[in-house]
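Subject: Handing over the structure

Hi there,

As promised, I am passing the structure on to you. Please open it beside this email so that you can look things up as you read.

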Amino acid sequence: MSGKKLHPRRVTAREKTVRTFELAGEKASKQVPHFLECLESNEHRGLDCRDMRNASDPYDEEEDDDNLSSERQIVVGICSMMKKSNSKPMTQIMERLCKFEYITVVIFPEDVILNEPVEKWPLCDCLISFHSKGFPLDKAVSYAKLRNPLLINDLHMQYFIQDRREVYRILQEEGIDLPRYAVLNRDPDRPKECNLVEGEDHVEVNGEVFHKPFVEKPVSAEDHNVYIYYPTPAGGGSQRLFRKIGSRSSVYSPESAVRKTGSYIYEEFMPTDGTDVKVYTVGPDYAHAEARKSPALDGKVERDSEGKEIRYPVMLTAMEKLVARKVCLAFKQTVCGFDLLRANGHSFVCDVNGFSFVKNSMKYYDDCAKVLGNMVMRELAPQLHIPWSIPMEAEDIPIVPTTSGTMMELRCVIAVIRHGDRTPKQKMKMEVRNALFFDLFEKYGGYKSGKLKLKKPKQLQEVLDIARQLLSELGQHNDCEIEEKKSKLEQLKTVLEMYGHFSGINRKVQLTYLPNGQLKASSEEEGTNGNEHTLMSGPSLLLVLKWGGELTPAGRVQAEELGRAFRCMYPGGQGDYAGFPGCGLLRLHSTYRHDLKIYASDEGRVQMTAAAFAKGLLALEGELTPILVQMVKSANMNGLLDSDSDSLTDCQQRVKARLHDIMQKDQDFTEEDYQKLAPTSSPSLLNSMKIIQNPVRTCDKVYALIQSLTRQIRSRLEDPKSASLQLYHSETLELMLQRWSKLERDFRMKNGRYDISKIPDIYDCIKYDTQHNSSLGLEDTLELFRLSRALADIIIPQEYGISKLEKLDIASAYCLPLFRKIQLDLQRTHEDEAVNKLHPLYSRGVMSPGRHVRTRLYFTSESHVHSLLSIFRYGGLLNEGKDEQWKQAMDYLSAVTELNYMTQIVIMLYEDNNKDPSSEERFHVELHFSPGVKVCPDEENAPMGFGFRPASAKSQEDLGSLEDLSKDEPDHTALTEPLSIHRKSPLLANRKAGSMEVLSECSTSFSGAIYRIFPSCSRQSPEVKSSGLGSLHTGLFSASFRGVSSSAPNLRELARAQRKKATSPRRQSSRHGFEGCSMVPSIYPLETLHNSLSLKQVDEFLSKILNAIDFCYENLAELVTVQYRRKKGGD
């Protein structure tokens, strides 16, 4: 800071006149902002002339001395555009600043700033001046040079702040972390800085490569048109950010090409889980931080009742406070705002805005005025410095009503969820030996691990080019030495050419190195006979082409609606929100007391399911691509959610071989077969075996039905009326025929035996066509569905192990990393240091800023869900003989035939704050399960559970656990009377239809006090049983919860609107599927497997499983090492 020290003395008439000048003229007086000081009597008075002055016209030296103050004042000048000077934050802070006895504030009128020479500007001892649109920064610099006031914000540095290149340079020089970036200067004088190469999913800027997603920022800080470009596998396109217009701050565009004019900064995109943090400094030792929804997420600006963007104060870590200090000093801006990105456990500065005030925080206004006042006094008149403070207003003190009864606070929710409805998966295998494939394998580092996945558009294009070249050579020279079969190459070319371009994550090629070739021909190979099983010697590559398996529109709806219904598990819904369970989660999340992380495997259908679920859970809007890129973490690390299904464990290979042998017997199942195939005596398995009786005869029927189906499709193709018919999800009859013809070829092998590994694919296809293409009216599809489902109900679950030990062995290979992660999630519930934590001192209107809920969502495929459930069922969590609730849960799971799309395994951790911290009863764990989407043709035979959170055996007489929801009240709520809980609410009878917990409205004079009451009914009749999570109707969830698309501050309006909707006579429930979406089946409700586990109990179980697996792996590694040494010694 620059300036001069002042000393108390009697000032001259001229000096007095400067500081007491009144604005002349009616026009000028209209510009004066109306400052008010709030008194304890709630009356208002205008500030004295000594408190706040406005100056404009040249001063009159002949003013009478008698009216002058006898005391020297420190004049703080505000030199900025009128819109900024008259803003609410500036007004609030200047009012408080004037409470310093020796400080006077002078506002420079905009007309004087723009039209008068600096010599005629008012005098001041301290200058607060900052650039905004239209402000003459050059004149302000000249004024500061002329008068030499103390500068709160350095003026020269504000030139640098207007150029993002300079901002990044300064940040880098100061050692402040920022995203990796490169500058593209389209300047004829600097040709070396204008080298841009654009690829399909990346750009290269002056030699620096940025893979999508990346950010493109104009170099001018005044240009807010920032673009984010998304990768093709995530859907491509770009999110276009702009200065807020109404309720929008960005829009999604399908355009994927970067801008070709102008200079830009290109930087790595930082995944922040949809949250931005804005930091405001007042000097190097004070920083206030607020979090808001990222404008790039869905582009919707959340505003409060006053139209202000909703932001919530969060706490900064020690490292972030150091960053704030560095930014403040490096840019010489006492009052300074900058943007912070919290990603991957680090904090990065991505923008420095210069002079910025917090928009709506009384506590910040107090602090800011105090810091600035003390700073000015210390610099200009230290001998007059008097400590000053304003008492905190009463409304800032959180009032927490006392509670009674058993209160549980939700601490953690962990859910493992299977993806939504998809198109049938298809796969083709072929062995390749051509040098072109080996070159491609080497190019992308396949020799490092012996395996290679090709998913990117450029990679798939290279595979397509090879297929085209080899087919071309085959066409020109029939005797050329190309060992790849022509039919396989044609299928490879056809699949890769589908859709006309590579978009989405819907096709991939896997290459596996075979040092000695493939010993046995695949059942898919065409034209093989009995003596062709031994292939040519020498190395080869196994090429596996996978396509299909895309998330359907129905799958997106399922995921989004389940996300909305998932809110109902969280506490909330009080005051005006009472009776609307989804509102609690939205308020919790929007006030940054919800630590949410979403993980998904690298499969496109899984990632899109996660994005759609997040959209429903958080009431987001717009396209899924921005949500996917910002909210969903790709968890392909240490096999957390991904598994190589082509690399089976020894145990799984043995299991498949046994299954194959049993299912190839042309006779009715014997008692011995029942023992071999169903040693766990699972009712669902036994029922399927009774339906099948003779597996070969059943396969004969299935094969005949497939032949009939392909004949019917061919007949439709020959009919001109239906030949061009378009089926569900843009499929054609020709593509449908290809799908079924391939299954017809592959299911029955050349030797007449059946390939039972194709049974899941057959069931997959007929389930898809029965649901989505039933309008074709094909004959016998229901019979094919019934038989293939019975076969699949044996093959699919038993592929993950026949005996209990086999199930545990295979499960450990699939989900060991996920199991370990779940244990860490439960253990680290209290470790919130790296997340956005609400600041308790600044959180107006939030009565429980300390409440924090951790949510971890894992989206994956069927293999992980089967494996995780196997560990819980057979790993010894509880003794069925001693725990009746667990026995009932195991009976229910044994009756479940299929873990369909959107299957959920949910773990919920509660804390009882009334218990001693060291007590085993302090933390309470619940385990819940849903088998996912209903299979329409057989819905009435579905097994029934015991509801969501039935009364436990320990407290049959109690209505259930209670959860305190009164600690988070709207800011207008006041506790006036004691709380009372009505255990038998008249609403219970009406709301018992849902299997989720019921919210009981408490009829007390304190309208905000609401408690969660868990229903005591242990079973519901089929007539009233809900078919969806937390629903009042037969859909997935209550129709009264639908349409929620705004976050917490707007929930009251939502609640009122929903009440009107709920009482409307036109309101009807949907009998099949979601409301207004008849093609989307409902999802089974969550059923409680156990609701009285302790955290210690669960943690010991997890540790036991993990230790056992680790022990096995150590022994296996030792055994392999010994065998290797013996072999080496023998050689």
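Below is what was found in it, topic by topic.

The model is predicted, with local features needing pLDDT of at least 70 and side-chain atom pairs counting only at pLDDT 80 or more, while totals for chains, interfaces and linings use all residues. Residues are numbered from 1 along each chain as its sequence is written, and side-chain values use heavy atoms, leaving out hydrogens and water.

**Aromatic rings**

Rings of Phe, Tyr and Trp (its six-membered ring) pair if their centres lie within 6.5 Å; planes under 30 degrees apart are stacked, over 60 edge-to-face, and the rest tilted. By this rule there are 30 aromatic pairs. Tyr 230 is in the loop between strands S13 (227-229) and S14 (238-245) and Tyr 252 is in strand S15 (residues 248-253), so the pair ties together parts that are 22 residues apart in sequence. (Strands are DSSP runs of E, at least two residues, numbered from the N terminus.) Tyr 230 is buried, at 0% relative accessible area, whereas Tyr 252 is partly exposed at 25%. Here buried means under 20%, exposed over 50% and partly exposed in between, with a 1.4 Å probe and protein chains only.

Ring pairs also link Phe 130, Tyr 286, Phe 355, Phe 357, Tyr 364 and Tyr 365 into a cluster.

**A sheet to trace**

Look next for an open sheet of 6 strands, paired antiparallel in the order S8-S16-S12-S13-S14-S15. Two strands pair if DSSP finds at least two bridges between them. Strand S8 (181-184) and S15 are at the edges with a single partner strand each, so one side of each has no neighbour in the sheet. S8 and strand S16 (residues 264-268) run antiparallel and are joined by 4 bridges; Leu 184 stands opposite Tyr 264 in S16.

**One histidine**

Is His 1090 buried or exposed? His 1090, in strand S35 (residues 1087-1094), is buried, with a relative accessible area of 2%. Leaving aside residues up to four places away in sequence, His 1090 touches Leu 878, Asp 883, Gln 885, Trp 886, Val 925, Glu 926 and Leu 927, where contact means heavy atoms within 4.5 Å. The C-alpha atoms of His 1090 and Phe 929 are separated by 9.8 Å, though these residues are 161 apart along the chain.

Enjoy exploring!
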